[in-house]
Amino acid sequence: MSLLSLASRLARPILLATDPETGHNLAVAALKTLPLPACGADDPRLAVSAFGLGFPNPIGLAAGFDKHAEVPDASLRLGFGFVEVGGVTPKPQPGNPKPRVFRLVSDEAVINRYGLNSDGVEAVARRLAERSRRGGIVGVNIGPNKDSTDRVADYGLLVEKLAPHVSYLSVNVSSPNTPGLRDLQQASFLDEVLARCVEARDAAAPGKPILVKIAPDLSLEGLDDMVAVSRRRGIDGMIVSNTTIERPASLKDQATAKETGGLSGRPLFARSTAMLAETWRRVEGQFPLIGVGGIASAEDAYAKIAAGATLVQLYSGLVFRGFGLVGEIKQGLVHRLMRERVASVADLVGTANAEWRLT
């Protein structure tokens, strides 16, 4: 067991005993202050190419952990192949009233209704500009202000301000905690949003990858529209998926499950993976996908990749398994590659896609 894994396991009971938002803030504060050593080189079999970028490994930190771009470099030192900061809004906004985060410990799940609390684009752009020469793949998740009167313009402004300082941009049209945001997943609205994002990107940072993050609650007809618009607008990839507003009957903590917000963690795994597989079939190789939702082991990451993900992201799994989970997943993937005599993790993408269908 690595020193990081041991420290993470020792700290986990303390963090789980605190209020969830306080625990999150303590984790970010720890990354700000702890002298984390640089992570060792990854096994070359884990290297992946996507969106014109070379990733040392396919394991990413999902948006929502480092909301204000305070610790991207410390997060990379945990062993992630890439990190995604945000979501970021044009103007600073406090988000929804507290309490707004809830753990379902028996389900290894989290419900959040943060509501895109953000320091605003100016502060985040400044932080990203200051660290941009340090290397490492850092993306940013963007979304409009809650009180915006022109959400399309918000996306354009965010791309203009942030594109020069990041590796890629993730267009969030799927957060369940900003009223009306998921309406932007409708074809006509999405087309307008992506057209503005591409226009702003071409002016500010030509060629910078733009990805679209979608909800797991789409119908297949809605997914058809999302993929068709993304392909037509030349988008570079999709992230599948955000949190769900559904509450599976299998949840053990039914009392906490009544809280409003997006559900993430283990209960999201099957739905998000099926949505990922459906998306992969519709994309037809035009661009890569990032799989998110319920990853808590190397087996979970393997399943996402085999379903169609070139890269994966996790966040809620860290709440219950600790930061050592990153190294455990990478080690588990390497062992799986060796056992199955597969040369590279990239060779696994989509190999078990047919096993996943939305029902």
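Tutor: Let's start with a term: a residue is buried under 20% relative accessible area, exposed over 50% and partly exposed in between (1.4 Å probe, protein chains only). This is a predicted model, in which local features need pLDDT of at least 70 and side-chain atom pairs pLDDT 80 or more, while totals for chains, interfaces and linings use all residues. Residues are numbered from 1 along each chain as its sequence is written, and side-chain values use heavy atoms, leaving out hydrogens and water.

Student: Happy with that! Which elements do the buried residues of α4 pack against?

Tutor: Helix α4 covers residues 121-131 (helices are DSSP runs of H or I with at least four residues, strands of E with at least two, numbered from the N terminus). Its buried residues include Val121, Val124 and Leu128. They pack, by contacts of heavy atoms within 4.5 Å, against α3, β4, β7 and α5.

Student: How many residues has the largest nonpolar core?

Tutor: A nonpolar core is a set of buried Ala, Val, Leu, Ile, Met, Phe, Trp, Tyr and Cys residues joined through side-chain atoms within 4.5 Å. Ile59, Phe80, Tyr155, Leu162, Val171 and Ile214 have the most contacts inside the largest one. Another core lies apart from it and includes Ala109 and Leu263. The residue count of the largest core is 99.

Student: Which strands form the closed barrel, in order?

Tutor: Look for parallel pairing among eight strands, where a pair needs at least two DSSP bridges. Neighbouring strands are turned against each other by 25° on average, direction ignored.

Student: What is the bridge partner of Leu61 in β13?

Tutor: Strand β3 (residues 59-61) runs parallel to β13 (residues 311-314), and three bridges link them. For Leu61, the partner is Leu314.

Student: What angle does helix α9 make with β13?

Tutor: Find α9 at residues 298-307, where it packs on the sheet and touches β3, β12 and β13. Both faces of β13 are covered, with Leu311 and Gln313 buried on one side and Val312 and Leu314 on the other. Taking axes as lines fitted to C-alpha atoms (for helices over the stretch in contact) and angles from 0 to 180 degrees between N-to-C directions, the angle is about 140°.

Student: Is Ser264 buried or exposed?

Tutor: Ser264 is in strand β11, an edge strand of the open sheet ordered β5-β6-β11. Its side chain makes a polar contact of 2.6 Å with that of Ser316 (N or O atoms within 3.5 Å; within protein, one able to donate a hydrogen and the other to accept it, and residues adjacent in sequence counting only if both atoms are side-chain atoms). Glu108, Ala109, Val110 and Thr243 are among the residues that Ser264 touches. Because its relative accessibility is 12%, Ser264 counts as buried.

Student: Last one: how many disulfides does a search of the whole structure find?

Tutor: The test is a pair of cysteine sulfur atoms within 2.5 Å. Cys39 counts as partly exposed because its relative accessibility is 39%, whereas Cys197 is buried at 0% and is one of the residues touched by Tyr155. The number of disulfides found is zero.

Terms used. Lists of a residue's contacts leave out its neighbours within four places in sequence.
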